[in-house]
Amino acid sequence: EGHDIVVVVSAMSGETNRLVALAHEMQEHPDPRELDVVLATGEQVTIGLLAMALKDIGVDAKSYTGWQVALKTDTAHTKARIESIDDEKMRADLADGKVVIVAGFQGISSEGDISTLGRGGSDTSAVALAAALKADECQIYTDVDGVYAGDPRIIKGVKKLDVISYDEMLELATLGAAVLHPRSVEVAKIHGVTIHVRSSFTDTTGTLVQEVGDMEKEIIVTGIAHDMDVVKMAIFGVPDEPGVAYLIFDELAKAHINVQMIVQSAEKKGVNDIAFTVPKSDKEEALEIITRFKEKVGANAVIMKDGLARLSIVGAGMITNPTAAARMFMVLSKAGINLEMISTSDIKVSVIIDAKRCVEAAEIVAKEFDLVEEN
């Protein structure tokens, strides 16, 4: 249709897991720099193969690794953040009529090392390239035909969304909706990139992620997200003094551990308790950090609890409608589902519950907020 096209590809299905397993065969805790060198090979294979496939049907194409583009990042190996993109080579190829194929998920650090952006990083690569090139749209092709109001694998008949705002999509992605990587939505919002989430297998229109403006306020809850990858940490008897919370969360941040929910109890006899959640993949390192912290500040005890899930409702309409949290708590209470932690913002309510009841809870809440198609 006359468009200039840049294609971003990830590794083939299962390939990154295979490479991670190989790395762990060599080293129990693989060196992050060398792990990035290994992981980046998955996308290098797919860009070359796609370029060959296009050439075979008469379409001129040229492939680039992330560091050839160059997509420049910071030095946080396996979790690098994009700092800048050099679009000169891509623009020259586009002007020459070529389809440009770029390896997602990877770049080059400020120290000249291969870096990777973390799981789902190809989404982030694509949106960042779209921003750098001022593209009309960033189409992300996946195994679903758009963004749904909940996980269609567990909520039967859940509605598909035609449009969703950046803020709502960012909340849903951060809270466990796997269709888009949270950082890709963050980059899209900052740079005003419209994302079109589409199916790899059909030509149907998907879901647009964009600045929506004044959302229809009668839609209180836009979507539900769940995350089974949650561990609760708690520190009891923390001295109620300025700077104490900073000490622990600064150490967690330095270890690149993403703390998801934080609840602090009311002060009692000069101490309080702090509870928070982290991804399961970070639980051992987080436990080690807070155990050191316990000794440092003289806290009473540390606990870690597994087997939990986070269930969240998200919607711009919640800003002007105060009933959403109460309705969510009511239907969960009627089902006898206990709430271990609660966290809220202007457009979301999250609860920590028993993972075994997460699917049941998601179905109940979806029906309460009319997110399921009528039979």
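**Helix packing and an aromatic pair in a predicted model**

The crossing of H6 and H8 is left-handed, a crossing being left-handed if the near helix is turned anticlockwise from the far one by less than a right angle, and right-handed if clockwise. The structure is a predicted model, in which local features need pLDDT of at least 70 and side-chain atom pairs count only at pLDDT 80 or more, while totals for chains, interfaces and linings use all residues. Residues are numbered from 1 along each chain as its sequence is written, and side-chain values use heavy atoms, with hydrogens and water left out. Helices (H or I, at least four residues) and strands (E, at least two) are DSSP runs, numbered from the N terminus.

**Helices H6 and H8**

- H6 and H8 pack with their axes 8 Å apart and at an angle of about 15°, where axes are lines fitted to C-alpha atoms, for helices over the stretch in contact, and angles run from 0 to 180 degrees between N-to-C directions.
- That angle makes H6 roughly parallel to H8, since angles under 35 degrees count as roughly parallel, over 145 as roughly antiparallel, 65 to 115 as roughly perpendicular and the rest as oblique.
- On the H6 side, Asp123, Thr124, Val127, Ala128 and Ala131 meet Arg183, Ser184, Val187, Ala188 and His191 in H8, contact meaning heavy atoms within 4.5 Å.
- The residues of this contact of H6 with H8 divide into five nonpolar, three polar and two charged; Ala, Val, Leu, Ile, Met, Phe, Trp, Tyr, Cys and Pro count as nonpolar, Asp, Glu, Lys and Arg as charged, and the others, Gly among them, as polar.

**Buried residues of H7 and H8**

- In helix H8 (residues 182-191), the buried residues are Arg183, Ser184, Val185, Val187 and Ala188, where buried means under 20% relative accessible area, exposed over 50% and partly exposed in between (1.4 Å probe, protein chains only).
- The cover over the buried residues of H8 includes strand E4 (82-85), helix H6 (121-133), H7 and strand E10 (195-199).
- Helix H7 (residues 166-174) has Tyr166, Glu168, Met169, Glu171, Leu172 and Ala173 as its buried residues.

**Helices H1 and H2**

- The axes of helix H1 (residues 15-26) and helix H2 (residues 32-39) come within 9 Å and cross at roughly 140°, which makes H1 oblique to H2.
- H1 passes H2 in a right-handed crossing.
- Thr16, Leu19, Val20 and Ala23 of H1 meet Leu35, Val38 and Leu39 of H2, and by class this contact has six nonpolar, one polar and no charged residues.

**Helices H11 and H12**

- Helix H11 (residues 324-334) and helix H12 (residues 358-368) have axes that come within 10 Å and cross at roughly 130°, which makes H11 oblique to H12.
- The crossing in which H11 passes H12 is right-handed, and the contact is made by Arg327, Met328, Met330, Val331 and Leu332 of H11 with Ala361, Ile364, Val365 and Glu368 of H12.
- The residues of the contact of H11 with H12 comprise seven nonpolar, no polar and two charged.

**The aromatic pair**

- A search of the whole structure finds one aromatic pair, where rings of Phe, Tyr and Trp (its six-membered ring) pair if their centres lie within 6.5 Å, and planes under 30 degrees apart count as stacked, over 60 as edge-to-face and the rest as tilted.
- The ring centres of Phe249 and Phe276 are 5.4 Å apart and their planes stand at 75°, so the pair is edge-to-face.
- Because Phe249 lies in helix H9 (residues 244-254) and Phe276 in strand E14 (residues 271-279), the pair ties together parts that are 27 residues apart in sequence.
- Phe249 counts as buried at 19% relative accessibility, and Phe276 counts as buried at 0%.
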